[in-house]
Amino acid sequence: MNVVLIKKIIGGLLLVSLLLLGFSQSLKNYLSIPDKIVLFEGQDYQIPKSLSVSASVSQGNVSVHDSSKILTLGAEKPGTNELLLDFAGFPIKKVDIEVLKDFKVIPGGQSIGVKLNTLGVLVVGHHLVSTASGKKSPGETAGVHVGDIITEINGKNIRKMEDVAPLVQAAGEQHEPLKLSIFRKNKKVKANLMPLKDQQENIYKLGLYIRDSAAGIGTMTFYEPNSKKYGALGHVISDMDTKEPIVVKDGQVVRSTVTSIEKGSHGDPGEKLARFSSDHKVIGNINKNSSFGIFGKLDAQIDNHIMDKAIPITLSHEVKEGPAQILTVVDGDKVEKYDIEIVSTIPQKFPATKGMVIKVTDRELINKTGGIVQGMSGSPIIQNGKLIGAVTHVFVNDPTSGYGVHIEWMLNEAGINIYEKGHSARKAS
């Protein structure tokens, strides 16, 4: 065979291979488009074009604008739709589209004080009572565990520590055991506890350390102006002794002022030091303490004086790696905006707390705090003018980095259903 002919054949095969490779990669790009796209009214979704692909939709609530390089979908009205992409008359991808009613929230960033009241009295430890026959812990003998919540004694509701002492003294004097109703890891259990007399103090005791409330600081994440519902912190509040999540009966949110910063370093995440505002004015309640933060209602909108108007949110599948900002307080009560980087993001289909890895890139914030510090949890994360989530945890070995939670899961915990037809937020019943 002629050498020139062989070279032409080989060249032709190489050219066809390259064309097929390019087509294959372009096809893969289209096949990688999500099977379902969720948009809010007025939002656009762009699909880069690498082939001469045509697009059509089945309903009129989504528009399609086709240019030489980009397909742009425009969400015009709430409802469902179906996008069909075809190449040379052959269908290559079908995408379900859901358009949600326009929804916006007001971002926070304010430093807040948190006061939680437990469901009953929380057992945080055992102690020994000096009796005539030696040192004993009646509570431990009765099988009461650290982390238990005592909700009733002798059929009477227990709400605070002051409710306990009279019942203990009466039972001791009558030599009758106390009948305890206990909430333990989402289960109700019973126990009989006989108080013992402390020979040194001449009073009867349980042999238990108990607590009925907890307090701390954090950061407000969002406020929904129609329902007045809010979300803050981005993670659960646990008891400092038991390390267990606090089961909340109720609680209050007050303003707080940052007094100083303990700067974070390798192995030490640092901390915001703050005090509750001098007037201790309650600005809202707390009705839930969950893995995604604390939730309740505010009495009125609280301004951050930097982004006080409602802004759109971004669902988890739309969050992009790249630049973003957080709103937080590091001095007094002034909310400021600082630069961060979204290092990675997971397009979660189900609620989970660690949806993003973030890194502080703002030199001013790093110089002031070392990065992310305790008390910064709940700081709203803004990307392209939209609220995408909140800061939740810091990496102990790198205080400039940490986790963030996607905003849709916090909204869900707050009782705000962005998927609900007709209204963006449910009214509290």
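**Contacts, strand pairing and salt bridges**

Serine 290 touches His235, Val236, Phe295 and Glu413, leaving aside residues up to four places away in sequence. The model is predicted. Serine 290 lies in strand β23, which spans residues 288–290. This serine is buried, because its relative accessible area of 11% falls under the 20% cut-off.

Strand β7 (residues 90–100) pairs with strand β1 (residues 36–40). These two strands run parallel and are joined by five bridges. Valine 38 has glutamate 98 of β7 as its bridge partner. Strand β7 also pairs with strand β6 (residues 79–87), here in the antiparallel sense and over nine bridges. Leucine 85 is bridged to lysine 93 in β7. Two residues separate the strands in the hairpin of β6 and β7. There, alanine 88 takes a positive phi near 55°.

The count of salt bridges comes to 15. One of them joins glutamate 82 to lysine 94, with the closest N and O atoms 3.8 Å apart. This pair links distant parts of the chain, 12 residues apart: glutamate 82 sits in β6 and lysine 94 in β7. Glutamate 82 is partly exposed at 32% relative accessible area, and lysine 94 is partly exposed at 48%.

Aspartate 198 forms a salt bridge with lysine 205 at 3.4 Å between the closest N and O atoms. Aspartate 198 is buried, at 4%. Lysine 205 also counts as buried, at 17%.

Glutamate 364 and lysine 368 meet in a salt bridge of 3.0 Å, N to O. Both belong to helix α4 (residues 363–369); they are four residues apart, so about one helical turn separates them.

Note on methods:
Residues are numbered from 1 along each chain as its sequence is written. This is a predicted model: local features need pLDDT of at least 70, side-chain atom pairs count only at pLDDT 80 or more; totals for chains, interfaces and linings use all residues. Side-chain values use heavy atoms; hydrogens and water are left out. Buried means under 20% relative accessible area, exposed over 50%, partly exposed in between (1.4 Å probe, protein chains only). Contact means heavy atoms within 4.5 Å. Two strands pair if DSSP finds at least two bridges between them. A salt bridge is a side-chain nitrogen of Lys or Arg within 4 Å of a carboxyl oxygen of Asp or Glu.
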